[in-house]
Amino acid sequence: MKRSTDRIRTMHAGSLPRPDDVREMVAAKAAGDPVDEEQLDGRLTEAVADVVRQQIDCGMDSINDGELSKTNFTNYANERLGGIELRTFGPGEGPEPEQISARDRLAFPGYFDSPRGFVVRRPRDKQLFCVGPITYAGAELVQSDIARFKAALGDIGDAEPFLPAVAPGSIDHWLWNEYYASEEEFLYAIADAMHEEYKAIADAGLVLQIDDPDLFDAWQIQTEMDVAAYRRFAEKRVEVLNYALRDIPREQIRLHACWGSYHGPHVSDIGLEHMVDIFLSVKAQAYSIEASNPRHQHEWETWKDVTLPDGAIFIPGVVGHFSDFVEHPKLVAERLVRFASIVGKENLMAGTDCGLGMRVGSPDVCWAKFQAMAEGARLASEALWG
């Protein structure tokens, strides 16, 4: 994985804006509606080529396919794993959904019940269930993603290509087990299947980014747990993730984690100080984490008391999805210089809090945030290297 040897390099968490027609076709396919596969493949090829070029033009040093072929993590599991059944429920019939804002919902019922809130409780009419042995069914899909992305790369100069994949511990939070005798058996079955996806990306010579948002945000879901219990819960999922990453070089692995991308109070997020050692125990070379939003920006101080693993790269979010405000490049530079004083400039990259894709008001805002990050990284590099 490329390091910041003479300047601060830039990356983003993965999800990028989709053209309207591509979004509609991908969503229709995920819903099981008839789609012209040839037309979809052609549009994805064009859209991925466009999004690669836009990342380069905005100054990104680590680029991907924008996750344009995927809708969300739930459909991702449904498409890539076997032994799964999607059930549809009528009004009042479905199981109570797990909420990544559950603790906040207890503290702010008025906010979440109000139509003025950003997050409105919606009835769960669909749920994925594990009903048989979990197998990997995504070989053709991941190879299509890889081939389409590689065809789009062309001359990308010094940029580094990556593809994201989801961690087993994030899959098990919204895939309900009706087959395996124990939670551990269930988790390891997911890990064995997802290993095939991880290996395919790494074998293609790409950086593998593991997305594990639920490493932190499941604290909100597990309302009955105290910190000690939740740490045991998270440690088990990291153990399973490291098993899934077996025989993949650490130098090809990047981890991204966050506290959930929903818009809301976030007062109930678990503090970084309780989880940072578990976060850094994942077998990865680079560690990407939220660091710029109003709830977690202060946690830069936590890193003063942390020693990174040997050879590790730290990637704090310096622009965020929490607001459509475009961060000023000087603010981005200030954040980077601060972190460089703690972890060392050669061990630092600039990143985003989470995928900006559909989480900001328009594609123009996403690209403007990337440009601000690139300019801020340039200013920080001037200050750090001269």
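**View 1. Helix α8 (residues 183-203) packs against helix α10 (residues 227-244) at an angle of about 35°, with the two axes 8 Å apart.** The axes are lines fitted to C-alpha atoms, for helices over the stretch in contact, and angles run from 0 to 180 degrees between N-to-C directions. Helices (H or I, at least four residues) and strands (E, at least two) are DSSP runs, numbered from the N terminus. The model is predicted, and local features need pLDDT of at least 70, side-chain atom pairs count only at pLDDT 80 or more, while totals for chains, interfaces and linings use all residues. Residues are numbered from 1 along each chain as its sequence is written, and side-chain values use heavy atoms, with hydrogens and water left out. The crossing of α8 past α10 is right-handed, a term used if the near helix is turned clockwise from the far one by less than a right angle, whereas anticlockwise is left-handed.

**View 2. Residues of α8 meet residues of α10.** On the α8 side the contact includes Leu-187, Tyr-188 and His-195, and on the α10 side it includes Val-240, Leu-241 and Tyr-243; contact means heavy atoms within 4.5 Å. The residues of this contact divide into eight nonpolar, one polar and six charged, where Ala, Val, Leu, Ile, Met, Phe, Trp, Tyr, Cys and Pro count as nonpolar, Asp, Glu, Lys and Arg as charged, and the others, Gly among them, as polar.

**View 3. Helix α12 (residues 329-343) and helix α13 (residues 363-385) pack at about 50°, their axes 7 Å apart.** This angle makes α12 oblique to α13, since angles under 35 degrees count as roughly parallel, over 145 as roughly antiparallel, 65 to 115 as roughly perpendicular and the rest as oblique. The crossing of α12 past α13 is right-handed. Among the residues that meet are Val-332, Leu-336 and Val-337 in α12, and Met-373, Leu-379 and Leu-384 in α13. The residues of the contact divide into 13 nonpolar, one polar and two charged.

**View 4. Ser-381 lies in helix α13.** Ser-381 is buried, with a relative accessible area of 8%; buried means under 20%, exposed over 50% and partly exposed in between (1.4 Å probe, protein chains only). The side chain of Ser-381 reaches the backbone oxygen of Ala-377 at 2.7 Å. Not counting residues up to four places away in sequence, Ser-381 touches Arg-7, Ile-8 and Gly-386.

**View 5. Leu-356 sits in the loop between β11 (349-352) and α13.** Leu-356 is buried, with a relative accessible area of 1%. Leaving aside residues up to four places away in sequence, Leu-356 touches several residues, including Ser-15, His-321 and Phe-370.

Technical notes. A polar contact is a pair of N or O atoms within 3.5 Å; within protein, one must be able to donate a hydrogen and the other to accept it, and residues adjacent in sequence count only if both atoms are side-chain atoms.
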